[in-house]
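Here are a few exercises to work through with the model open beside you. Try each task before you read its solution.

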Amino acid sequence: MTTIVSGSASQTLAASLADELEVSLAAVEYDRFPDGELLAAAPDFDDDRAIIVGSTVSSDAHLELLQLQDAVREAGAEDVVTVLPYMGYARQDEAFEAGHPVSARAVARSISTGTDRVLTVNPHETAICEFFEPTATAVDAAGRLADPLPADLADPVFLSPDAGAIDLAETVRDAYGDGETDYFKKTRHSGTEVEISPSDVDVAGRDVVVTDDIIATGSTMSEAVGVLRDRDVGRVFVTCVHPLLARNAVTKLRRAGVETIYGTDTIEREVSAVSVAPAIADEL
Ligand code: R5P
């Protein structure tokens, strides 16, 4: 029998996955000692297979995940599957300067020690799956981003903010069933400053859907949407798999003229209109 064990940041998705798989959801406790150290526990866990679901949206969430892996092993689980709906540090997938770590690899190694298998949803680069031992499974949930889009998009264009995310835009277009695809050209100047050049597609009077794997500070998306606004575009919808939406990202997007933001529940936010539970269940 299988029991789902949830990290504190992924409780809604864990419950959806339990429903999807028709398995039980463990009681979990998240506590903190007076010195600040965390204690995540599954006190009643008593099964031979655990599926731990935890997006590592913070260092605490990462530590909590390691504790839950250890707790279920301690309680006798023989098979431990770890689902990382969103993997923090995944974008640090190489040493960008001398002396820097490959943080994604360090994180993957620590998670691998406590599990038999890892699944992660739309990682920024699928190559990071190889940092896990054994190699993690990349779940593609992008097609589901088409679900909440209005059925009456006018002559739609599906764009990605850079060449690297064009596959996502194509997946969303294919799932929607109609429309042209293209991408912007992006130059990143710093962690929060990006420059976006327009794509060649004529967007005048057309509804546009811009899709990326993640919206973090919102700089990429707001610049992209700003470029569109200068070109007499119709409605603009923004979709992403991972709605991290750090700092003032939502305000930036609204000020840029975004009509609606749709994200998934890999990171639980108000905009998480799409559940990745069915896509994860298909791979389990
Ligand atoms: C980068 O290549 C990614 O696909 C995203 O475009 C980027 O990480 C988004 O970050 P931000 O929202 O901070 O611009």
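## Exercises with worked solutions

**Exercise 1. What share of the chain is buried?**

Solution. In this predicted model, buried residues account for 50% of the 284 residues in the chain. A residue counts as buried when its relative accessible area is under 20%. For the surface, the chain exposes about 12800 Å², and carbon and sulfur atoms supply 44% of that area.

**Exercise 2. Work out whether the radius of gyration of the chain agrees with that of a compact globule.**

Solution. Start with the expectation: for 284 residues, a compact globule would have a radius of gyration near 19 Å. Next, take the value for the chain, which is 20 Å. The two agree.

**Exercise 3. Describe how the chain is divided into domains and how they meet.**

Solution. First, the bounds: domain 1 covers 2–140 + 278–283, and domain 2 covers 143–265. Second, the spacing: the centres of domain 1 and domain 2, taken over C-alpha atoms, are 29 Å apart. Third, the interface: eleven residues of domain 1 are in contact with ten residues of domain 2.

**Exercise 4. Locate Tyr 86 and decide: buried or exposed?**

Solution. Begin with its place in the chain, which holds seven helices and 16 strands. Tyr 86 sits in the loop between strand E6 (79–84) and helix H3 (103–112). Its relative accessible area is 9%; the cut-off for buried is under 20%, so Tyr 86 is buried. Now look for its surroundings. Beyond its neighbours within four places in sequence, Tyr 86 has contacts that include Ser 55, Val 57, Arg 91, Ile 214, His 242 and Ile 267. His 242 lies 156 residues away from Tyr 86 along the chain, yet their C-alpha atoms are separated by 6.8 Å.

**Exercise 5. Explain why helix H5 is described as largely enclosed.**

Solution. Count first: helix H5 (residues 219–229) has eleven residues, and eight of them are buried, so the helix is largely enclosed by the rest of the structure. Then name them: Ser 219, Thr 220, Met 221, Ser 222, Ala 224, Val 225, Val 227 and Leu 228. Last, find their packing partners: strands E9 (157–160), E11 (185–188), E12 (194–197), E13 (208–215) and E14 (236–243), together with helix H6 (249–256).

Key. Residues numbered from 1 in each chain as written. Predicted model: local features only at pLDDT ≥ 70, side-chain atom pairs only at ≥ 80, totals over all residues. Heavy atoms only, no water. Helix = DSSP H or I, 4+ residues; strand = E, 2+ residues; numbered from the N terminus. Rg over C-alpha atoms; globule rule 2.2 N^0.38 Å. Buried < 20%, exposed > 50% of the residue type's maximum accessible area, 1.4 Å probe, protein only. Areas by Shrake-Rupley, 256 points an atom, 1.4 Å probe, with all protein chains shown as cover. Contact = heavy atoms within 4.5 Å. Domains from an automatic or database assignment.
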